[in-house]
Structure formats: C-alpha cells, structure tokens
Amino acid sequence: MYVSSISLKYVTVFWFDFSDHYGNVTAQVEYTGVSERWNFPALYHQKGFTSEDSALSLDVIFIDTVDLAGTAVTNDEEDPRYYDKLAYRPKAAAATQGDWIEEQRKASTADYLIVAGHYPMYSVCQHGPTGNLIENLKPLLIEHGAHYMAGHDHCMWVASSVCWIFAVF
C-alpha cells in the first residue's frame with residue numbers, strides 16, 4: 001500500500017534514542033529526568049503501548065547494540081574506516097543484556113513485540129549488516145515472533161519474510 005501523505009490533527013512524539021557511546025552516554029540517560037521530550041531511562045529498557053480502545057498492545061524492547069556488537073573504529077565520517085564492518089564480539093561479552101532481553105521477551109504478553117536497536121541487523125546502506133546481531137539476536141526474534149527496528153544507516157528501508165519484519169529508519 002502506498003500513502004502519499006498523512007495529515008494528523010495531534011502529534012505526540014516520544015523520543016527514544018538508542019545510544020551514543022562516543023560521547024557521554026550516561027548524560028543521555030540522565031537527561032531523561034530533565035526533558036519531557038527525552039525518554040532514555042537506561043542503556044536497555046522496555047516500554048509497553050496500548051491502543052486507545054485497549055484492543056491491541058505493543059511491547060518495544062530497546063537494546064544497546066553497542067554492548068551487543070561493539071563499536072566502530074572511528075566516529076569521523078571522513079575517515080575511510082568509518083564504514084568498516086564491526087569486529088566480531090562474542091555473545092558472552094554481552095551476557096547480562098542478552099539474559100535481560102530473553103527475560104523481557106518471555107514476560108511480554110503483548111499482541112506485537114518489537115526489538116529496537118541502533119545498529120541494523122541487515123543493511124543495504126554504507127555500514128552493511130551486523131554479523132553479531134544476525135547470529136545472536138535474529139534466532140531469538142524468530143523464536144518469539146518479534147520484529148526488529150534499527151537506525152544507524154541513514155537510509156530507510158524495510159525487509160520482511162514469512163516470520164519477521166526488519167526496518168531501518
């Protein structure tokens with residue numbers, strides 16, 4: 001379905017940042033207590049949503065993909081290494097968050113479950129796919145019928161298969 005324009009009478013935006021480990025990420029977490037428009041209570045956290053008529057529910061599990069997959073060599077977009085693939089990071093290196101993700105998925109009773117992270121699992125853009133997430137996170141998403149939403153690459157695209165949907169914004 002193609003929608004050429006959407007007109008909304010009221011728009012409320014809740015900003016959920018995923019994390020910026022090059023700067024002071026704790027400052028971003030602490031800013032949650034300062035701004036009504038900023039919602040980043042922890043490096044990884046969960047938020048539930050319910051439709052106005054309570055007919056549908058959605059749980060979003062916000063993960064710290066830097067913890068799961070590592071970080072780029074440089075933050076300078078002019079540096080040729082900026083678009084290098086991330087070095088492989090073993091699953092055990094992020095065991096605490098991995099266990100937390102599993103607990104959140106098991107506890108969710110929502111109609112829909114989305115896991116949101118900064119790094120994309122797959123990408124057709126400059127940074128390319130994130131192997132750690134494909135190997136360690138994708139099987140968990142498929143097992144529980146969850147979907148994945150990411151940023152990082154500044155191009156928008158959506159991929160889907162029979163069992164899951166993946167989006168980059």
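A: In this predicted model, ring pairs join Tyr31, Trp38 and Phe40 into a cluster. A search covering the whole structure finds 3 aromatic pairs. One of them is formed by Trp38 and Phe40, whose rings lie 6.4 Å apart, centre to centre. The planes of Trp38 and Phe40 make an angle of 70 degrees, and the pair is edge-to-face, because an angle over 60 degrees places a pair in that class. Both partners can also be described by their accessibility. Trp38 has a relative accessibility of 18% and therefore counts as buried, the limit being under 20%. Phe40, at 0% relative accessibility, counts as buried as well.

Another pair consists of Tyr44 and Trp100, with 5.1 Å from centre to centre and 55 degrees between the planes. This arrangement is tilted. The pair of Tyr44 and Trp100 links distant parts of the chain, its members being 56 residues apart. Tyr44 belongs to the loop between helix H1 (25-30) and strand E1 (45-50), while Trp100 lies in helix H3 (residues 95-107). As for accessibility, Tyr44 is partly exposed, with a relative accessible area of 22%, whereas Trp100 is buried, with a relative accessible area of 17%.

One further ring has a charged neighbour. The charged end of Lys47 sits over the ring of Phe49, at 5.8 Å from the centre of that ring.

Definitions and conventions
Residues numbered from 1 in each chain as written. Predicted model: local features only at pLDDT ≥ 70, side-chain atom pairs only at ≥ 80, totals over all residues. Heavy atoms only, no water. Phe/Tyr/Trp six-rings, centres within 6.5 Å; stacked < 30°, edge-to-face > 60°. Buried < 20%, exposed > 50% of the residue type's maximum accessible area, 1.4 Å probe, protein only. Helix = DSSP H or I, 4+ residues; strand = E, 2+ residues; numbered from the N terminus. Lys NZ or Arg CZ within 6 Å of the ring centre and 35° of its normal.
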